[in-house]
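Thanks for taking a look at this one with me. Here are a few notes to read alongside the picture.

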Amino acid sequence: MSAALLIDILLWGSVFGVGLIAFRRGPPVFKASLREGSMDFINIVPRIALGVIGSGYIAAIIPQEVITGWLGPDSGWLGGATAVVAGAATPGGPVIGFSIGTVALKSGGGVPQVVAYVVAWALFAFQRVILWEIPFMPARFVWFRCAVSVPFPFVAAAIAMVIGKP
Amino acid sequence: MSEPSPNNPAPAEDAESEPRPGRVRKPIGWSTIIIAVLVAVSAGLVWRRDGTVGVLEILTHDLSLFGGILPRVLAGCLLGAFISEILPHEKVSRSLGPKSGLMGLLIGTAFGAILPGGPFTAYPVASALLAVGADFGATIAMVVSWTLIGYGRAVAWEIPIMGTDFTLWRILISLPLPVLAGALGRFVYVRIYPQPAAKDDEN
């Protein structure tokens with residue numbers, strides 16, 4: 001996929017860019033950060049392996065219909081709250097999250113609810129939080145970040161209601 | 001990134017001696033155990049439903065996915081390490097620290113929006129920012145911005161699956177959220193963890 005390739009190029013380009021800056025600060029700085037980054041990588045790989053390889057099983061046992069069922073056309077704030085729970089509970093990567101959103105839209109889900117769902121999924125998907133966010137960042141920050149983010153799917157849904165789009 | 005270094009040489013010894021919060025990692029934490037149990041139970045359920053073939057099918061698919069992701073994880077780790085090494089502590093705490101105000105939140109938001117890659121980039125970089133003096137507010141703005149308006153996921157996944165219209169409106173609706181999240185984070189943070197701003201330097 002060309003989009004993925006583009007992102008890879010940007011990603012490695014940034015790595016080389018900052019690597020070059022580090023190198024110009026002197027080889028010791030460069031070596032230290034190279035070692036630091038490699039150690040991070042080695043430490044993180046087992047957990048990423050567990051998560052990526054295991055997430056297929058988690059996704060396989062939570063049927064998508066269950067989650068789309070939660071996003072029914074019954075509007076209002078209860079629908080928004082359901083969307084938030086559904087977003088947080090959606091296992092698997094972006095393909096699953098967005099596919100569920102699309103299915104919900106096509107099967108008559110309200111647009112604000114689907115916006116709330118997508119935003120909640122982006123903010124809270126439990127699998128991403130547990131697999132990626134907590135291993136890489138201080139746990140206290142992650143929980144704080146999640147707690148503070150709770151209102152925002154509702155804010156997004158409210159904006160969607162007000163502007164009446166998409 | 002575009003800034004040439006000579007006018008602001010980062011003292012290497014300073015970076016060396018600095019303790020790095022959030023960079024000390026236990027190989028196995030409780031979250032790993034939870035996820036392992038969850039995976040084992042799910043795999044067991046899949047096995048009961050689809051048999052060994054079903055289990056192996058998912059395993060091969062996810063193994064190839066894992067192989068594809070690995071280089072990006074490495075890139076993310078290196079990016080985080082380089083950034084935490086070359087960003088001057090003083091400058092980061094000034095422009096992204098607790099006193100950086102709206103500007104700090106806007107910088108965090110902009111940074112999250114332009115950061116390439118997936119979680120393997122965003123989280124190591126956010127962790128590096130925390131380590132070199134950004135506060136919770138600016139870092140929250142960055143993480144939320146990356147997840148809501150970062151172009152990487154939108155271009156690679158959301159537009160193909162959900163359509164351009166929905167994606168663009170969704171992103172437009174999300175534009176103010178990272179700044180609001182960062183502001184709320186800051187507002188709550190100073191009330192939960194009251195401490196003089198100067199203390200943040202030791203964190």
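**Notes on the structure**

1. Let's begin with L148(B). Apart from its neighbours within four places in sequence, L148(B) is in contact (heavy atoms within 4.5 Å) with V119(A), A122(A) and L123(A), and also with R170(B), I171(B), S174(B) and L177(B). A word on the basis: this is a predicted model, where local features need pLDDT of at least 70, side-chain atom pairs count only at pLDDT 80 or more, and totals for chains, interfaces and linings use all residues. Residues are numbered from 1 along each chain as its sequence is written, chains are lettered from A and ligands numbered from 1 in the order in which they are written, and side-chain values use heavy atoms, with hydrogens and water left out.

2. L148(B) is also among the residues with the most contacts inside the largest nonpolar core, which has 86 residues. Buried means under 20% relative accessible area, exposed over 50%, and partly exposed in between (1.4 Å probe, protein chains only). A second, separate core has seven residues, including I58(A), V39(B), V46(B) and V55(B).

3. Where does I44(A) sit? Look in helix 2 of chain A, residues 27-61; helices are DSSP runs of H or I with at least four residues, numbered from the N terminus. I44(A) counts as buried because its relative accessibility is 0%. Leaving out neighbours within four places in sequence, I44(A) touches P135(A) and F136(A), together with V73(B) and C77(B), by the contact criterion. Its C-alpha atom is 22 Å from that of V29(A), 15 residues apart along the chain.

4. F141(A) belongs to helix 8 of chain A, residues 139-149. With a relative accessible area of 0%, F141(A) is buried too. Beyond neighbours within four places in sequence, F141(A) is in contact with L130(B), F136(B), T139(B), I140(B) and V143(B).

5. Stepping back to the whole chain, chain A has nine helices and zero strands. Its C-alpha trace spans about 60 × 35 × 35 Å along the principal axes. Buried residues make up 54% of the 166 residues in chain A. Of the contacts in chain A with a separation of 6 or more, 70% come from residues 24 or more positions apart.

Note on methods: A nonpolar core is a set of buried Ala, Val, Leu, Ile, Met, Phe, Trp, Tyr and Cys residues joined through side-chain atoms within 4.5 Å. Helices (H or I, at least four residues) and strands (E, at least two) are DSSP runs, numbered from the N terminus.
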